[in-house]
Structure formats: C-alpha cells, structure tokens
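Hi,

Here is the structure I promised to pass on. Have a look at it first, and my notes on what turned up follow below.

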Amino acid sequence: MDPSTISPIIDGSDALPQPGAGDYWNGLISEKAAAVFYGVTVRTMQKLRQGGNGPKYIRLSSRCIRYRRIDLKADVDARIRSSTADEGEAA
C-alpha cells in the first residue's frame, strides 16, 4: 500500500473535522482508506460487504467502491459493546 495515499488518515490529520471543512463526514473515501479506518485489510472490508455485515457503501462502478465517513462511524458506533454477554440491539 502506498503510504502517500493514506498518510493523512494514519497520522490523524483528518481524524476530526476542521473549521470550514464543510462536508467532511459525508465525503467519500476509498476502500483502502476505509480499511485503515477500521484497522483491517481491504479483503476483510470486501468480505464484510459481501456478507452484508459491514457499513453502507457506494458503488460508483463495478470496480469502484467508496464509503462515507459518517457511515463508517455509524457502523463502528453500532458495534460498541459493554461486555461479552452484550449482543447489541440487533440480537
């Protein structure tokens, strides 16, 4: 993976909206950047998408997938658990 394409995400420079950033949370990011956001591989993102267990995504073409940051955040927030017995709202 080319570090120059994801370094803003890794170093946290775009981790929080900046004043005047406008539509930061609705901005589209690549599958690679989404994988970095989750801390998983691109293949894991693909498996989540294929199984219907991952975040909402946007298919721009048959080979071009994008994610909105707000959807990634919502998916992560929905997975928060307080104990191993906590199955979440979906259960």
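One thing to keep in mind as you read: this is a predicted model.

Let me start with D71. This residue belongs to helix 4, which covers residues 69-78. D71 has a relative accessible area of 12%, so it counts as buried, the limit being under 20%. Leaving aside residues up to four places away in sequence, D71 is in contact with P55 and K56.

Next, the aromatic rings, which make three pairs. One of them joins F37 and Y38: the ring centres are 6.0 Å apart and the planes meet at 55°, so this pair is tilted. F37 itself is partly exposed, at 39% relative accessible area.

Another pair is formed by Y57 and Y67, with 6.4 Å between the ring centres and 55° between the planes, so this one is tilted. It ties together distant parts of the chain, 10 residues apart: Y57 sits in the loop between helix 3 (42-51) and strand 2 (58-61), while Y67 lies in strand 3 (residues 64-68). Y57 is partly exposed, with 36% relative accessibility, whereas Y67 is buried, at 0% relative accessible area.

Finally, a word on charges over rings. The charged end of R69 is placed over the ring of Y24, 4.3 Å from the centre.

Happy browsing, and do write back with any questions!

Best wishes

Key: Residues are numbered from 1 along each chain as its sequence is written. This is a predicted model: local features need pLDDT of at least 70, side-chain atom pairs count only at pLDDT 80 or more; totals for chains, interfaces and linings use all residues. Side-chain values use heavy atoms; hydrogens and water are left out. Helices (H or I, at least four residues) and strands (E, at least two) are DSSP runs, numbered from the N terminus. Buried means under 20% relative accessible area, exposed over 50%, partly exposed in between (1.4 Å probe, protein chains only). Contact means heavy atoms within 4.5 Å. Rings of Phe, Tyr and Trp (its six-membered ring) pair if their centres lie within 6.5 Å; planes under 30 degrees apart count as stacked, over 60 as edge-to-face and the rest as tilted. A charge sits over a ring if NZ of Lys or CZ of Arg is within 6 Å of the ring centre and within 35 degrees of the ring normal.
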